[in-house]
Amino acid sequence: MVELSQNALALLREQRRRYLARLPERALELERLWQTVGTDRAEFLDAVHRLAGSAGLHGLDRIQRAAAELEAGLKADLGSSESFRADVEALIARLREAARAEES
């Protein structure tokens with residue numbers, strides 16, 4: 001296993017801090033996209049896909065899993081069900097919760 005230098009670790013911590021600081025902005029973006037999704041889900045799907053990847057990269061496993069499940073649901077065309085809407089709202093709430101937890 002490769003060991004990271006102190007500088008590399010510091011850079012990773014800073015990147016994670018910046019990522020967490022942007023979570024409220026990402027939550028607003030997802031909310032906006034979800035409210036305007038209509039029949040074209042491509043932009044929302046892209047945002048959820050990016051979130052799944054980046055959250056996993058930064059060690060936010062709950063957010064990564066929730067985003068990945070939403071992405072799979074969108075691809076399976078489940079986006080109109082009530083439970084799917086609840087999943088979208090839960091993901092947005094998790095983003096906000098993660099941002100608040102990091103601020104404390």
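I take buried to mean under 20% relative accessible area, exposed to mean over 50%, and partly exposed to mean anything in between. The model I am reading is a predicted one.

**Entry 1: a pair within α4.** Next I went to K75 and E71, whose side chains meet in a salt bridge with an N to O distance of 3.2 Å. Helix α4 covers residues 61-75, and the two residues are four apart in it, which again means a separation of about one helical turn. Their accessibilities I recorded one by one: K75 is exposed, with a relative accessible area of 59%, whereas E71, at 10%, counts as buried.

Entry 2: Which parts does the salt bridge of R50 and E29 tie together? I first noted the contact itself, where the closest N and O atoms lie 3.8 Å apart. R50 sits in helix α3 (residues 42-57) and E29 in helix α2 (residues 23-35), so this pair ties together parts that are 21 residues apart in sequence. I have R50 down as partly exposed at 41% relative accessible area, and E29 as partly exposed at 28%.

**Entry 3: the cavity.** I then asked how many cavities of 30 Å³ or more a search of the whole structure finds. The search returns one, and the largest cavity holds about 60 Å³ of space. Its lining is made up of R26, E29, L30, A47, R50 and L51, and the elements that give two or more residues to that lining are α2 and α3. Sorted by class, the lining has three nonpolar residues, three charged ones and no polar ones.

**Entry 4: cross-check.** Going back over my notes, I see that E29 and R50, which form a salt bridge with each other, are both among the residues that line the largest cavity.

Definitions and conventions:
Residues numbered from 1 in each chain as written. Predicted model: local features only at pLDDT ≥ 70, side-chain atom pairs only at ≥ 80, totals over all residues. Heavy atoms only, no water. Salt bridge = Lys/Arg side-chain N within 4 Å of Asp/Glu carboxyl O. Buried < 20%, exposed > 50% of the residue type's maximum accessible area, 1.4 Å probe, protein only. 1 Å grid on protein atoms, 1.4 Å probe; cavity = no way out; pocket = protein on both sides within 12 Å on 5 of 7 lines; lining within 4 Å. Points joined across faces, edges and corners; volume = space filled by probe spheres on them. Nonpolar A, V, L, I, M, F, W, Y, C, P; charged D, E, K, R; others polar.
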